[in-house]
Amino acid sequence: KITDIKKAEEFLAEFNDTSEEIIYKYNDAYWKYNTNITDYNDQLQQKAYLQWANHSKEFGLRAQQFDKDAFQDESIRRQLEKISLIGSAALPKTDLKEFNAIISKMETIYSVAKVCWNGDQDCSLLDPDLTGIMAMSRDYKELEYVWEGWRNASGRTMRQDYIRYVELSNEAARLNGFPDNGALWRSYYDTKTFEADIERIYKELQPLYRNLHAYVRRKLLDTYGQNHINTKGAIPAHLLGNMWAQSWINIYDLVVPYPSAPKIDATPTMLKQKWNATHMFHIADEFFTSLNLIPMPQEFWDKSMMTKPEDGRAVVCHPSAWDFGNRKDFRIKMCTVVNMDDLVTIHHEMGHVEYFMQYKDQPVPFRDGANPGFHEAIGDVLALSVSTPKHLKEIGLLEKVDDNEASEINFLLKMALDKIAFLPFAYLMDQWRWKVFDGRISSTEYNKQWWNLRLKYQGLCSPTPRTEKDFDPGAKYHIPSDVSYIRYFVSFVIQFQFHKAMCDKAGHTGPLHKCDVYKSKAAGDLMADMMSLGSSKPWQDAMEKITGQRNMSAESLLEYFQPLTTWLKKENENEVLGWPEYDWSPYLQP
Ligand SMILES: O=C(CCC(O)(O)[C@H](Cc1ccccc1)NC(=O)c1ccccc1)N[C@@H](Cc1c[nH]c2ccccc12)C(=O)O
Ligand SMILES: [Zn+2]
């Protein structure tokens, strides 16, 4: 093994110089495919992917020639380690081609899947039509039709491909020295107690979730009646305002605690004031620059895709942020709809781009988040400030803001419908996949085990009978697209730690949920100093830089929701928490 430091430095310099161009070429081809799904563009992206994979493999094998532990210089050691971890590029050529082809096939199925009415006359895609129905409809049967139709058109048709995807993922993981792909994914958190830490944090948050679940279930009884809601059973999964019941924000009007107090909903005002996508992006950009963060560059405004093309092109609508690797070209691809949900999502995506720009001068192996959860948290932290009634009023999206207990509970419940409802979903998404990758869940019971987890963690049941002909996990973007999900669970916990640290830095006093860091340069600098590290240091160092402590903790999240927790416990005094009648189901009712 090579231990010569000069040779190591030359190798790293060569990697850095040759990588930018090949990364740009791959992103350019992948962007063209994502914003215009055709066979031709698919072939081009697969070719560019193979070139990028060959580059990774060549440099990965060369990096392994060095005895990385022989180097005192932590940066050299860490760069060699990251270059050695080449993921799917370790697969033999034919397997690699098959692997990439399967993923783009599943992703295409997902992006073009549609639900049709009256004999295929008119059909709807997920984005924006089916999403809109799931959010707005209060018709039990209509929701059921769309919920099942989407799963038939997306998940069900990719079930066989997924089985092959699992085999190839595990083969690649083994070639990288891991027992299975779940172990490889968990390694990105560089913490040997990661699973135990996540489980502990989940257990701390579960009481609050069960209180929210019981409260919402009680309210849904008023809307959907005894036949469809059992106050000791699971909630039918299609009634929560979202295709996957991962966010319950869209049924806020059915569950608002004090209907007479002002509803904190900015969407009607956005529509009345004729907001459009570009304006929403500028509002978000202005928030970032108010914190002395880097503004979106001109190329961003010129090359991003902010709305779904109207020329009938098939595109991947699921939002994403793009770093083209040349330290200049950064984009967002999103099918923006003018509503509060998408204003929050724009902040989420822009958080990714801010992170890209903050670490763009790091060596290529360090141009990444401290861990995947950090990358997901940045934008959401800023959105916590933007979502306060005080801030929404400041940007003209709310007329009046009351400062009384009723308004406070209304606001905190709305935030809980997004942030607390999401936690069990984010947790179970990779619980299921970790078990699929390590063989604890076999392909003969993919769907049965999925619904076991949906019941166990979310307290949901399917509105219609499910069999192993179905593949409901495939109905959620990240499964066909090979994108891990525990990153969002981590993000939803640490974003409150970051929020608290920024609020302290901004000199905020009073309850955490009222904090808005708008225009605080000190708070912005705190985040910028962390982001500029990229993945050059262990994430515990990055965490310490912001919060002064080195671990993930649910403490700040629980502090933020404290007033709501107290209120819910009182409200639920005579409620049954949980779903003890676990075998109740809406389709077995008379
Ligand atoms: O998937 C997303 C947003 C999309 C993304 O920005 O996370 C995107 C997903 C993706 C990953 C890899 C390839 C393609 C899409 N991630 C990125 O664009 C991204 C960019 C750079 C680094 C890491 C991730 N959100 C999750 C849940 C979620 C977390 N926070 C939210 C806030 C508002 C709305 C949704 C969410 C979801 O919709 O289920
Ligand atoms: Zn994201």
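In what kind of contact do the side chains of K68 and D69 meet?

Reply: The structure is a predicted model, in which local features need pLDDT of at least 70 and side-chain atom pairs count only at pLDDT 80 or more, while totals for chains, interfaces and linings use all residues. Residues are numbered from 1 along each chain as its sequence is written, chains are lettered from A and ligands numbered from 1 in the order in which they are written, and side-chain values use heavy atoms, with hydrogens and water left out.

The side chains of K68 and D69 meet in a salt bridge, with 4.0 Å from N to O. A salt bridge here is a side-chain nitrogen of Lys or Arg within 4 Å of a carboxyl oxygen of Asp or Glu. K68 is partly exposed, because its relative accessible area is 24%, whereas D69 is exposed, because its value is 54%.

D73 is located in the loop between α2 (39-63) and α3 (74-84). Helices (H or I, at least four residues) and strands (E, at least two) are DSSP runs, numbered from the N terminus. With a relative accessible area of 34%, D73 is partly exposed. Together with D4, E9 and E10, D73 forms a patch of negative charge on the surface. Such a patch is made of residues with over 30% relative accessible area and no salt bridge, like charges being joined within 9 Å.

K141 counts as exposed, at 53% relative accessibility, but E144 counts as buried, at 14%. R164 forms a salt bridge with E167, and their closest N and O atoms are 2.7 Å apart. R164 and E167 also lie three residues apart, in helix α7 (residues 159-175), and so are separated by about one helical turn. R164 is partly exposed at 27% relative accessibility, and E167 is partly exposed at 40%.

Elsewhere, E20, R327, K360, D361 and R367 are linked in a network of salt bridges. A search of the whole structure finds 43 salt bridges.

Methods:
Patch = residues over 30% accessible without salt bridge, like charges linked within 9 Å, V, L, I, M, F, W, Y side chains within 5 Å. Areas by Shrake-Rupley, 256 points an atom, 1.4 Å probe, with all protein chains shown as cover. Lys, Arg positive; Asp, Glu negative; His and termini not counted. Charge placed at Lys NZ, Arg CZ, Asp CG, Glu CD. Buried < 20%, exposed > 50% of the residue type's maximum accessible area, 1.4 Å probe, protein only.
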